[in-house]
Amino acid sequence: MKSALIRLNSAVLIWGFTGVLGRTISLNEGWLVWWRMFITSVSLWILFYFLKRIRKISLRDFFKIAAVGTVLSLHWLAFYGSIKYANVSIALTCLSTTGLLSAVIEPLFFKRKINIYEIILGLFAFAGIALIYTTNLSFSTGIYIGLISAVLAVLVSVTNKKLIAGYAPETITLYQLTGGFLGLSILMPLYNFLFPSLQKIPQHYDWLWLIILSWCCTILTFILYINALKKVSAFTANLILTLEPVYGIILAFIIYHENKALSRYFFFGFGLILIAVFLQMFRLIKEQRKLPVNPL
């Protein structure tokens, strides 16, 4: 159990590092995500081929998985866009609202009753976002894009739950990233027309950062996460995942000293969001303890 928790926290810490890499890479958000998905998809096909992990799926299921992968690519695009238009701290702060957003969006998808307590926590979190927005107006565009990124992240999570079961996680990941790459490739001419960029090819150290982003922050973290889930419940994993923005913001403060560019009200706003997230965590823990224990 201890080693599984170490692997899980390592995966979350590395995920937190993706924001820092996003700021480091000189490509705009569109081409950054395109190259990330290209390198990751090709690497996964090669890796799974030698490991004999490639499994055939029906064309219908591929289109379903690919559609979710395309939404995932748009989530990444918005996330890195938020970093480019604001900074890592702002983008991750917006992303930290996903757990509370899912409490509102998931009942709409699965036709469940919305919990009033979760709505109150959601309003509490958005009070934090409002405080950050009004006191850091120079980052307003990044905040808008960051909130879009958070909504897209929840949509990926929700639609993944509605996918047909029966496939191994690595199969879903392989076809989802491949489908996301193909979907983004179709959208890139339009995106490049709306947001033109002269630089489409990575330059100098960009290649190194993209390989680290693809191999370490995507493939390695997936392996660590899946192996950890063999001994750690999904519930525990989801609780630890809430630490990703915290890790990422700390890294941004250390590496880029972003704390100097933010008003002191940012920390009050982020504190409100963290309080809402932790109250939601404690509520889930309390509900989990009430569930009957299945006999061995």
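Student: How many positive and negative side chains does the protein have, and how far apart are the centres of the two sets?
Tutor: In this predicted model, the protein has 25 positive side chains and 9 negative ones. The centres of those two sets lie 6 Å apart.

Student: OK, new topic. How many helices and strands are there in the protein?
Tutor: Twelve helices and zero strands.

Student: What share of the residues counts as buried?
Tutor: Of the 296 residues, 49% do.

Student: Let's pick one residue. Where does Asn87 lie?
Tutor: Asn87 sits in the loop between α3 (59-85) and α4 (88-95).

Student: Is Asn87 buried or exposed there, and why?
Tutor: Buried, because its relative accessibility is 4% and the cut-off for buried is under 20%.

Student: Which residues does Asn87 touch?
Tutor: Leaving out residues up to four places away in sequence, Asn87 touches Arg23, Ser82, Phe139, Glu258 and Leu262.

Student: What about Ser89, how far is its backbone nitrogen from a polar atom of the Asn87 side chain?
Tutor: That backbone nitrogen lies 3.2 Å from it.

Student: Back to the whole protein: among contacts between residues at least 6 apart in sequence, what share joins residues at least 24 apart?
Tutor: That share is 88%.

Terms used. Residues are numbered from 1 along each chain as its sequence is written. This is a predicted model: local features need pLDDT of at least 70, side-chain atom pairs count only at pLDDT 80 or more; totals for chains, interfaces and linings use all residues. Side-chain values use heavy atoms; hydrogens and water are left out. Helices (H or I, at least four residues) and strands (E, at least two) are DSSP runs, numbered from the N terminus. Buried means under 20% relative accessible area, exposed over 50%, partly exposed in between (1.4 Å probe, protein chains only). Contact means heavy atoms within 4.5 Å. Lys and Arg count as positive and Asp and Glu as negative; His and the chain ends are not counted. The place of a charge is taken as NZ of Lys, CZ of Arg, CG of Asp or CD of Glu. A polar contact is a pair of N or O atoms within 3.5 Å; within protein, one must be able to donate a hydrogen and the other to accept it, and residues adjacent in sequence count only if both atoms are side-chain atoms.
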